Amino acid sequence: MRLFKMEIYKLYHEKVFLWGVLSVIGLMMIFFWFAEVGDELAVIGEKSYSGYEAVQVNRKITKEFEGIITDEKIDQIIKKYGIPSKLGENMPNWRDGNYLNDFVVLYFTDGSWQAQILPTQIYTLEESELGKVCENRGITPALEYVKGWRAFVDLLQFGLILGSIVVICSVSTVFAKEGQTKMLPLIFTTEEGRRKDVYSKVFAAFLLTATVFIGIVLLDFILCNLVYGMDGFTNMTGIVLGEKMLRAVYQVNFPQYLVRLLLFGLQGLFLLCAITLVISANYNTSFATVIVSAVCWGMPVILRMFLMGMSAIFIYATPLFLVMHGCLDDVYGAGGIVLCISLLTGIICTVVGFLKYKTKEA
């Protein structure tokens, strides 16, 4: 336990970790405010709101109509707020819409701002894709302000990518730094050097990784809750993410989706930690470890361009793809296989790194 506490102290007091944490917090807050809140828009009659003000307006008008979705409620929203029809080039969402009529256009018309298609036809609940999915699943569709969870998913991905950089830079010092500082001869001549110290280093690295993950999730939740609120947690995933209901993954309840999303993200960071450990055990400088780890982390993006079909599942089991929610959307039915592949890879890397450092020449 003494050695473990020493390793924890060393890792948590490294300047690269402290500066990394501060950078992640700052960049997440900037991304959240400008990319998430900054893109919000609410048009009520002739008046237009943007940013934080738009969020509050959208939350307020949704309160009037929240609850079970009916054809009467859809008609009331259309009569009160109209149907959006203005598109902006390279701009997200309808430029004359708000949360309510955007919702109506998405699920009850043939319009799509992504495809630059103006709505020309209105569907009843029974005719709509959403209504058919709810009927098949035996559930009642509900209208709630779910933008808090939508922002949470987007910000989580951004935060975990930043957290991955912190993990690489921090864990790279675990084994490599001892060779860099010429401490190996001293450590390996002590009674506990080759035995307990190696275990302590490995456990400390994974604890630091878990700390980074928990910190990102908590910061993400706090920011989204303060600005958006976290209503609509029990709704369907498609409604929460603002997606059509064609894919099976969007038809499951959001809590089920969120659990898998967090598992994928945590496994992504743990796998990256294991890969960085094995690389750290093979190099005597932290700089070389960081460079090689970064290359291994980013390489799957290039490989994905060439691998298709079932072979792509191995790419989805890599650290970078595991923290992207689009990966979960693509492999939701095979999520267990992806997690098993990444878990097995992580165990192998950890064991190899452990043995390599333990038998390293001082």
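A crossing of two helices is right-handed if the near helix is turned clockwise from the far one by less than a right angle. In this predicted model, the crossing of α2 and α7 is of that right-handed kind.

**Helix pair α2 and α7**

Helix α2 covers residues 15–36 and helix α7 covers residues 147–171. The two pack at an angle of about 160°, and their axes lie 10 Å apart. Angles over 145 degrees count as roughly antiparallel, so α2 is roughly antiparallel to α7.

On the α2 side, the contact is made by V16, F17, G20, V24, L27, M28, F31, F32 and E36. On the α7 side, these meet A151, D154, L155, F158, G159, L162, G163, V166, C169 and S170. The residues of this contact divide into 13 nonpolar, 4 polar and 2 charged.

**Largest pocket**

The largest pocket holds about 780 Å³ of space. Its lining consists of 30 residues, and N93, W113, K147, R150 and L241 are those nearest the pocket centre. Helices α2 and α7 return here: together with α5 (99–108), they are the elements that give two or more residues to the lining of the largest pocket. The most comes from α5, with 6 residues.

How values were computed: Residues numbered from 1 in each chain as written. Predicted model: local features only at pLDDT ≥ 70, side-chain atom pairs only at ≥ 80, totals over all residues. Heavy atoms only, no water. Axes fitted to C-alpha atoms, helices over the stretch in contact; angles between N-to-C directions. Helix = DSSP H or I, 4+ residues; strand = E, 2+ residues; numbered from the N terminus. Parallel < 35°, antiparallel > 145°, perpendicular 65-115°, else oblique. Contact = heavy atoms within 4.5 Å. Nonpolar A, V, L, I, M, F, W, Y, C, P; charged D, E, K, R; others polar. 1 Å grid on protein atoms, 1.4 Å probe; cavity = no way out; pocket = protein on both sides within 12 Å on 5 of 7 lines; lining within 4 Å. Points joined across faces, edges and corners; volume = space filled by probe spheres on them.
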